[in-house]
Amino acid sequence: MEYIIDKMEYEDWEEVREIYLEGIKTGNSTFQIKAPNWKEWDKGHSSECRLVAKEGDDVLGWAALSPVSSRCVYSGVAEVSIYIASQYRGNGIGTDLLKELIEISERNEFWTLQAGIFPENRSSLLLHKNCGFREVGIREKIGKMKNGEWRDVVLLERRSNKVGIK
């Protein structure tokens, strides 16, 4: 399979949204119950740190960063979102996207990336750990699903060895 990693553009949004909705339907990707519109999504994500994996015009997966706080002391800390269309999982796309996102994040002065992952999402946990993230702990019953079920989230982080070291 041949694909490229490129900056996400507005024109990619509908396919990005469909992949996000697919993740929502699994029940193991996010607490969200619906995908936002472009304007909402765009506002909540770093404009410099959003990527798509594409084969031709088809989006196979995406990754993006969201600032964790508006406080200036946390300006270099962001949360990772990464989603791969189900038919393309297991082809290394997630690894390629996450590695590129890490590189771009460091060029944009992010020193810590974090991810909150449901314990049942073993493939995502493995992906992040293989890309240098470490498990910080488990946030017990941190959020409630639409059906009323409380869920734990494994908190992982990756500290840059290039940015914010002095």
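Predicted model: local features only at pLDDT ≥ 70, side-chain atom pairs only at ≥ 80, totals over all residues.
User: Why is W62 called buried?

Analyst: The relative accessible area of W62 is 1%. Buried means under 20%, so W62 counts as buried. W62 lies in strand β3.

User: What does W62 touch, leaving out residues up to four places away in sequence?

Analyst: W62 touches M8, V16, I19, Y20, W41, L51, V52, S81, I82, Y83 and L97. A contact requires heavy atoms within 4.5 Å.

User: What makes the approach of V16 to W62 a polar contact?

Analyst: The backbone oxygen of V16 lies 3.3 Å from a polar atom of the W62 side chain. The limit for such a pair of N or O atoms is 3.5 Å, so the distance of 3.3 Å qualifies.

User: How far apart are W62 and I84 in sequence and in space?

Analyst: W62 and I84 are 22 residues apart in sequence, and their C-alpha atoms are 6.5 Å apart.

User: What makes strand β3 mostly covered?

Analyst: In β3 (residues 58-67), 8 of the 10 residues are buried.

User: How do you know that β3 pairs with β2 and with β4?

Analyst: Pairing needs at least two bridges between the strands. Strand β2 (residues 50-55) and β3 have 6 bridges, in the antiparallel sense. Strand β4 (residues 77-84) is joined to β3 by 7 bridges, also antiparallel. Both counts meet the requirement, so both are pairs. As examples, A53 has G61 of β3 as its bridge partner, and S66 has E79 of β4.

User: Which residue takes a positive phi in the hairpin of β2 and β3?

Analyst: G56 does, with phi near 65 degrees; the hairpin has 2 residues between its strands.

User: How many aromatic pairs are there, and why is the pair of W13 and W41 called tilted?

Analyst: A search of the whole structure finds 9 aromatic pairs. For W13 and W41, the ring centres are 5.4 Å apart and the planes stand at 40 degrees.

User: Why is the pair of Y20 and W62 called edge-to-face?

Analyst: The planes of Y20 and W62 are 75 degrees apart, with 5.9 Å centre to centre. Y20 lies in helix α1 and W62 in strand β3, so the pair links parts 42 residues apart in sequence. Both Y20 and W62 are buried.

User: Which residues form the aromatic cluster?

Analyst: The cluster consists of Y10, W13, Y20, W38, W41, W62 and Y83.

User: How do you know that H128 is buried?

Analyst: H128 has a relative accessible area of 2%. The cut-off is 20%, so H128 is buried. H128 is in helix α4 (residues 122-130). Apart from neighbours within four places in sequence, H128 is in contact with V80, I82, L98, A115, I117 and F133.

User: Where does R151 lie relative to F118?

Analyst: R151 lies over the face of F118, at 3.9 Å from the ring centre.

Methods. Residues numbered from 1 in each chain as written. Heavy atoms only, no water. Helix = DSSP H or I, 4+ residues; strand = E, 2+ residues; numbered from the N terminus. Buried < 20%, exposed > 50% of the residue type's maximum accessible area, 1.4 Å probe, protein only. Phe/Tyr/Trp six-rings, centres within 6.5 Å; stacked < 30°, edge-to-face > 60°. Lys NZ or Arg CZ within 6 Å of the ring centre and 35° of its normal. Polar contact = N/O pair within 3.5 Å; in protein donor to acceptor, adjacent residues only side chain to side chain.
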